[in-house]
Amino acid sequence: MTERVVLAGGRRQLLAMSAAAVGGLVLSACAGSKPAPHQPGGTGAQEQEVPVTPPEDLMREHGVLKRVLLVYREGIGRLQAGDQGSAPALNAAAGIIRSFIEDYHEGLEEQYVFPTLEKVGKLADITAVLRTQHQRGRALTDRILSATGASALNRRALQDSVQDMMAFVRMYEPHEAREDTVVFPALRAVVAAPELWAMAETFEEEEHRRFGARGFDDVVDQVADIEKTLGIYDLAQFTPT
């Protein structure tokens with residue numbers, strides 16, 4: 001039998017924690033929790049936020065990466081057709097890759113996820129490749145930012161950026177798929193519930209420190225704006241006829 005533990009004020013509470021594994025922690029948390037204050041005009045019911053574990057958090061950040069990869073695919077096609085007008089949107093997309101994926105998301109992986117698995121002798125061969133791919137990705141992003149952000153766009157540089165974006169997409173599609181299906185589930189399996197809980201709070205604090213109170217939601221909005229600029233925001237257009 002499992003129990004759900006909810007702490008007021010935190011959105012990354014652990015879901016389905018084992019009572020046997022955390023017995024004392026569950027009792028302490030329940031005893032110390034305070035009901036959420038009644039919201040004026042509300043129903044009066046205690047408000048609870050949906051739990052988000054670190055693996056789920058990292059996976060949804062991969063959703064941002066997937067959407068930027070779609071932006072890159074669109075930009076590749078336009079640049080190959082000689083359209084340089086997409087350069088500002090591609091530069092903004094590469095900026096999100098740099099700040100949200102490389103500096104933040106991959107930083108969490110390299111500081112917390114990979115060392116945790118390696119410490120218990122898990123997936124060291126995979127994490128070594130993932131680290132190398134992080135480094136190669138940063139080099140590609142450097143060149144994409146440079147080519148698409150120049151005040152006077154250079155046609156040759158933009159064509160070179162096509163190859164860089166193609167390489168980035170080709171590497172990161174299997175990269176994120178391997179993390180989602182192997183690495184993150186392994187993390188959930190080897191980390192005890194209290195430590196996973198603490199990791200979740202650390203991730204949340206770092207997200208808000210870097211990106212403000214709205215954090216992830218604000219980044220998603222930025223990606224949506226880029227998609228709208230390129231005309232690829234409407235999900236229905238991807239449905240086969």
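A crossing of two helices is left-handed if the near helix is turned anticlockwise from the far one by less than a right angle. In this predicted model, H2 passes H3 in a crossing of that left-handed kind. The crossing of H3 and H4 is left-handed as well.

| Helix pair | Axis approach | Crossing angle | Residues in the contact, by class |
|---|---|---|---|
| H2 and H3 | within 10 Å | roughly 150° | 16 nonpolar, three polar, two charged |
| H3 and H4 | within 10 Å | roughly 160° | 10 nonpolar, eight polar, 10 charged |

Angles over 145 degrees count as roughly antiparallel, and H3 and H4 are therefore roughly antiparallel to each other.

On the H2 side, the contact with H3 includes Leu58, Val64, Val68, Tyr72 and Leu79. H3 contributes, among others, Leu90, Ala93, Ile96, Phe100 and Tyr104.

The largest nonpolar core has 50 residues, of which Val64, Tyr72, Ile96, Phe100, Phe168 and Val183 touch the most other members. Helices H2 (54–80), H3 (87–119), H4 (124–149), H5 (155–190), H6 (193–211) and H7 (216–230) each give two or more residues to this core. H3 gives the most, with 14 residues.

Tyr72 belongs both to this core and to the H2 side of the contact with H3. Leaving aside residues up to four places away in sequence, Tyr72 touches Leu90, Ala93, Ala94, Ile97, Ile144, Met165, Phe168 and Val169.

Technical notes:
Residues numbered from 1 in each chain as written. Predicted model: local features only at pLDDT ≥ 70, side-chain atom pairs only at ≥ 80, totals over all residues. Heavy atoms only, no water. Core = buried A, V, L, I, M, F, W, Y, C linked by side-chain atoms within 4.5 Å. Buried < 20%, exposed > 50% of the residue type's maximum accessible area, 1.4 Å probe, protein only. Helix = DSSP H or I, 4+ residues; strand = E, 2+ residues; numbered from the N terminus. Contact = heavy atoms within 4.5 Å. Axes fitted to C-alpha atoms, helices over the stretch in contact; angles between N-to-C directions. Parallel < 35°, antiparallel > 145°, perpendicular 65-115°, else oblique. Nonpolar A, V, L, I, M, F, W, Y, C, P; charged D, E, K, R; others polar.
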